[in-house]
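Work through the two exercises below with the sequence and the model open side by side. Each task is followed by a solution in steps.

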Amino acid sequence: MRRTLVVLVSLCTALGLPVLETAAAQPGSSSALPGGWEEVQGPEAAAAAEGARALSASAPEPVAIQSVRNGGFATAEVNYAAPRTGVLRARSASPGTWETFDLIWNETTETYALKSKANNRYVAVERNFTGSAANVLRARSTSAGAWERFTLWYNEELDRWAFRSELNGRFVAMENNYTGPLRYVLRARSETVSGAWEQFSLYDRS
């Protein structure tokens, strides 16, 4: 049976604690999210899961990220040559080390960072890349700054998650129609969560 982070949100609901305000138009986005999406922050999750493992600044949560669109797990392509080294692609049938990321809460910025277990690097949004590679996600940073910060969103009815880049205000999408070495790549390029391309399942890998 899979162990997901959904229990944290469910406990919030059961105890009458807020997950966070309901989604609305946010800075960096020109449109509101569809109904049902809420931002999830570390303190709310930790408070709801009293006495249990929870997301917090001191306890990174190892997770696997599965695309709802194609069912593939996000993989850090550590063997790719530069400048694509560490690019994230939803292409694996099952999670291993390359598909495991620490989800790390930062209390100061109230954001999350993703750190690959494959190469011990933080996932960054490549804002300076151009063309089809613009805003791809790559596990390549030794520390977490604005390029490596994300907010985490959850839809309880769908039991699905979404990531939004703090760098450009865009949601992460899986490029299902790409071909070649960037097939199924993850890019921070969507203004809203319009469908399965921006939706993911999270699995506990602890």
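**Exercise 1.** Locate L182 in the chain and determine whether L182 is buried or exposed.

*Solution.* L182 is found in the loop that runs between strand 11 (171–174) and strand 12 (186–190), where strands are DSSP runs (E, at least two residues) numbered from the N terminus. The model is a predicted one, in which local features need pLDDT of at least 70 and side-chain atom pairs count only at pLDDT 80 or more, while totals for chains, interfaces and linings use all residues. Residues are numbered from 1 along each chain as its sequence is written, and side-chain values use heavy atoms, with hydrogens and water left out.

Next, the relative accessible area of L182 is 6%, so L182 counts as buried (under 20% relative accessible area, with a 1.4 Å probe and protein chains only).

Finally, beyond its neighbours within four places in sequence, L182 is in contact (heavy atoms within 4.5 Å) with R84, V87, R89, S132 and A133. For R84, the C-alpha to C-alpha distance to L182 is 9.0 Å, although the two are 98 residues apart in sequence.

Key:
Helices (H or I, at least four residues) and strands (E, at least two) are DSSP runs, numbered from the N terminus. Buried means under 20% relative accessible area, exposed over 50%, partly exposed in between (1.4 Å probe, protein chains only).
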